[in-house]
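Here is a briefing on a two-chain model. Look over the sequence and the fold, then read on by topic.

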Amino acid sequence: MNYGALVFLGAFVAVSLSWFGMVLSPQVQLGRQTQGTNSVNTAELYPVQRPGLAREGLEVYRANGCVYCHSQQVRQSGTAVNVILTDAGTNAAAAADALMKSRAGVTDANAVGLSAGLPKAILTDVDVDRARAAVEALTSAGAKAEIEIVPVGTDIAWNWGIRRSVAHDYLYDSPVLLGSLRVGPDLANVGARLPDANWHYRHLYAPRSVVEGSAMPAYPYLFERRPIQGQPSPDAIESKDGFEIVPTSEARALVAYLLSLRADVPLFESPVSVEPPPQETADTNSAAGTNVVSPQASASAQ
Amino acid sequence: MNAPGSTKATPLHGIASDAIDASCRMPLFVLFGVAALWLAASSVFGLIASIKFHSPTFLSEAGWLTYGRVYPAAKSMFLYGFALPAALGTTLWIFARIGKVGAAQPFFIAAGGALWNLGVLAGVIGIFAGHSTGFENMEMPRYAAVLLFFGFLLIGIWTLVTLHERRDRRLGVTQWFLLAALFWFPWIYSTAQLLLVVWPARGTAQAVIHWWFSANFTVLWCGLAGLGVVFYFIEHVAGRPLHNSPLAVFALWTSLLFVSWTGIPAGAPVPAWIPTLSTIAGVVSVVPLIALAMVLVPTLRATDVPPSAGGEITSHRSAWCRLTSTVPGRLVASGLVAFLVAWVVQLICAIPSVNGFVQFTWFTYALSQLNLYAFLALTLFGAIYLIAPRVAGMDWPWPKVVRLHFWLAVIGIALIVLPLAAGGLLQASKFASKASHPELSFVTVANGTLHFLRISSIGEVLLLLGHVLLAGNLLTLMARCARARLAAAYESAVAEVRTAEVKP
């Protein structure tokens with residue numbers, strides 16, 4: 001007991017064990033992750049590197065400590081499996097009969113009820129086996145049905161994302177800033193939720209002008225006030241008395257980064273049934289790429 | 001040639017305690033003095049950050065004063081400017097005192113302290129300038145970390161040498177805990193710095209390493225250093241032997257083995273085995289907690305043993321009464337209570353459903369403040385109030401202010417931890433009720449915490465007052481000590497000249 005070396009050895013063994021478990025092993029597994037085509041139903045490559053300006057924006061996000069008030073992580077408590085009937089087929093009575101006889105656990109299906117108001121969910125929040133049995137029975141009876149996967153959880157109820165965040169979503173980010181406190185809302189999908197760059201400029205310049213009662217500090221130092229020379233700038237957020245307020249390159253980078261934040265591709269480790277509206281996707285991509293969306297364009301997108 | 005009154009070192013029986021104290025004077029003045037200044041600065045910026053919640057436009061014109069820079073700067077000043085140097089200084093003095101040996105190479109330790117503080121200064125300026133690493137609890141940029149590393153190396157090596165040269169060869173529980181803390185910090189900090197900043201790991205491996213570092217630093221290191229001081233106070237200040245020393249050593253090993261795996265939140269976006277292991281480790285951490293309780297409770301409840309030599313029984317006071325009879329002891333005792341509460345709450349929070357409920361709310365912040373301030377900082381205040389007057393060789397300039405600081409610190413931190421814990425639970429339940437109340441807006445939930453934040457701002461003001469009192473008292477003590485020593489040196493020099501004049 002009287003040897004300091006014993007304390008050294010014991011502590012060294014303990015720190016090494018924890019290092020192997022919590023530093024090396026995660027690094028071996030997560031460090032091997034690569035871009036892949038593990039997205040469900042599409043051959044899309046995921047994840048993709050953020051555009052250059054958005055990567056600069058991550059540096060602005062880091063430098064200004066946005067992480068102390070905003071998390072970037074959607075949690076999920078479970079998954080609801082629904083069966084959606086899209087077409088009752090030519091013989092709805094046979095479909096109802098097949099459904100009753102299947103292992104889906106349906107006891108009160110009838111032809112009239114089944115064929116009214118399609119497409120609709122005929123089974124909600126069931127386990128996968130029952131859903132499969134129902135779809136098989138309906139398909140064999142000539143009807144068409146699909147399994148719908150809906151992640152559920154508090155964060156999803158808050159509309160912060162459509163599925164939980166997984167390791168793949170952060171593959172190209174450094175530093176990875178998941179956050180620990182939600183003084184402000186989660187930003188994991190802010191690019192999908194709020195795709196208008198001008199909204200973000202106004203919000204950063206004067207948060208309360210767009211969100212009543214917001215506790216977010218203003219970031220006037222990310223903007224510059226300059227005299228209007230000839231035509232007013234298209235991205236000026238305010239102009240009066242011959243002066244206009246325009247975002248600096250830092251604000252542009254930050255907003256490009258915010259718009260690039262969206263993790264809604266369905267993955268095998270986090271499945272979700274989605275059909276992203278093509279209009280919105282195109283809008284966000286252009287916003288992230290060129291960083292400026294003219295007011296007209298964003299208005300038409302909405 | 002010894003000045004009259006000083007105690008001569010006797011190698012066989014160790015040296016007298018005032019000579020040991022004198023050998024620690026220079027390093028401790030550097031470590032404690034600057035730490036008190038960082039502490040006061042930290043609470044000034046902490047207060048600014050706190051006010052920003054009530055008035056978002058307050059000081060928002062300049063980039064360096066934005067919340068996202070002021071808050072991490074304040075926290076870094078507290079952790080790296082105050083807590084670490086104060087803990088290192090305390091460790092050095094305790095090693096020297098228990099080992100009955102003077103500090104080895106006080107000059108190099110003081111130089112290490114200066115280098116460390118230079119690193120903190122560079123790091124804080126870096127954070128204000130936007131060079132933060134982005135990782136909470138280790139925001140200081142790479143260039144600052146290099147200075148911190150060499151500063152720590154100088155302090156650490158000579159502290160180890162002091163321990164190695166001890167004349168009393170026994171190694172008690174106090175030394176075990178402090179020694180483990182001394183090794184632990186450089187290991188975890190260099191790992192995190194190398195794998196997050198120098199050669200950043202890929203993707204969420206960064207998040208895992210960061211959580212690992214945070215738990216190892218703010219829970220485990222903080223626990224080791226704080227408990228070391230607590231054991232010193234029980235064993236050597238209150239003068240009571242531990243009820244069961246082997247059990248305390250068992251608690252040390254089990255906390256090193258289990259607590260070092262905690263920290264990864266249950267719903268983290270990483271492969272499920274990582275948070276699962278962390279949850280198991282968090283629950284198993286009940287073992288060191290029970291062991292510590294089994295050591296501390298009987299020790300503190302035991303009453304004084306009657307003198308064996310047949311003398312009259314002077315008192316029947318329990319060790320707890322003895323510990324709390326002085327202000328430094330009372331600070332340490334308050335810290336100990338906070339530690340036990342914090343560990344119980346941490347244990348409950350390891351359960352995945354509870355973890356998911358309170359994650360991302362003010363509750364977790366309140367818990368970390370309970371650990372870092374109510375436990376570690378109060379314990380270190382106790383140590384500083386005990387050690388500084390001994391090292392300076394004179395009493396506090398304002399002894400009553402010490403008592404005032406105790407109350408300011410205890411009430412202040414209670415006004416921060418309790419409202420924010422309550423507000424955090426309210427926030428968590430509102431977050432969780434979104435599915436049943438779809439009309440609930442985020443701003444409503446966020447503004448529901450404002451009342452609690454207002455009370456915590458009052459707490460911040462009290463802490464700031466306390467820190468100013470501590471810094472004022474300590475710096476005045478150091479100045480008086482320096483003046484007295486200069487006067488003495490001048491006197492002896494003049495006396496020599498006089499004798500020389502008289503002789504012929």
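What percentage of the 302 residues in chain A do buried residues make up? They make up 50%, where buried means under 20% relative accessible area, exposed over 50% and partly exposed in between, with a 1.4 Å probe and protein chains only. This is a predicted model, in which local features need pLDDT of at least 70, side-chain atom pairs count only at pLDDT 80 or more, and totals for chains, interfaces and linings use all residues. Residues are numbered from 1 along each chain as its sequence is written, chains are lettered from A and ligands numbered from 1 in the order in which they are written, and side-chain values use heavy atoms, with hydrogens and water left out.

**Chain A and the interface**

- Chain A has 12 helices and six strands; these are DSSP runs numbered from the N terminus, helices being H or I of at least four residues and strands E of at least two.
- Among chain A contacts (heavy atoms within 4.5 Å) between residues at least 6 apart in sequence, 72% join residues at least 24 apart.
- Across the interface, 71 residues of chain A are in contact with 81 residues of chain B.
- The two chains bury about 6,200 Å² between them, and 68% of it is on carbon and sulfur atoms. Buried area is the accessible area (1.4 Å probe) that two parts lose on being put together, summed over both.
- On the chain A side, M22(A), Y68(A) and W158(A) lose the most area to chain B. Together they account for 14% of what that side buries.

**Q33(A)**

- Q33(A) sits in the loop between α1 and α2 (52-63) of chain A.
- Q33(A) counts as buried because its relative accessible area is 16%.
- Its side chain makes a polar contact with the side chain of H168(A), at 3.5 Å. A polar contact is a pair of N or O atoms within 3.5 Å; within protein, one must be able to donate a hydrogen and the other to accept it, and residues adjacent in sequence count only if both atoms are side-chain atoms.
- Beyond neighbours within four places in sequence, Q33(A) contacts A167(A), H168(A), L171(A) and R202(B).

**Nonpolar cores**

- A nonpolar core is a set of buried Ala, Val, Leu, Ile, Met, Phe, Trp, Tyr and Cys residues joined through side-chain atoms within 4.5 Å.
- The largest nonpolar core holds 211 residues. Y80(B), F82(B), W184(B), W221(B), F231(B) and F381(B) touch the most other members.
- Helix α14 (residues 362-392) of chain B gives the most to this core, with 23 residues.
- Apart from this core lies another of 23 residues, among them V83(A), A109(A), A141(A) and A145(A).
- F82(B) touches A35(B), W38(B), L39(B), M77(B), A377(B), L380(B), F381(B) and I384(B), leaving out residues up to four places away in sequence.

**Helix α8 of chain B**

- Helix α8 covers residues 245-258, 14 residues in total. At 1.5 Å a residue it should span 20 Å, and its end C-alpha atoms are 20 Å apart, so the two agree. The expected span is 1.5 Å times one less than the number of residues.
- Its buried residues are L247(B), A248(B), V249(B), A251(B), L252(B), T254(B), S255(B) and L256(B).
- The cover over these buried residues includes α1 (4-30) of chain A, together with α6 (173-198), α7 (205-237), α10 (286-301) and α12 (327-349) of chain B.

**Buried positions in other chain B helices**

- L31(B) lies in helix α2 (residues 25-51) and is buried, at 1% relative accessible area. Leaving out residues up to four places away, L31(B) touches P85(B), L88(B), G89(B), G113(B) and I155(B).
- L378(B) is in helix α14 and is buried, at 2%.
- T174(B) is in helix α6 and counts as buried, at 1% relative accessibility. A polar atom of its side chain lies 3.5 Å from the backbone nitrogen of Y232(B).

**Cysteines**

- The whole structure has zero disulfides over all chains, a disulfide being a pair of cysteine sulfur atoms within 2.5 Å.
- C481(B) is in no disulfide; the nearest cysteine sulfur, that of C24(B), is 13 Å away.
- C481(B) is buried at 1% relative accessibility, whereas C321(B) is partly exposed at 38%.
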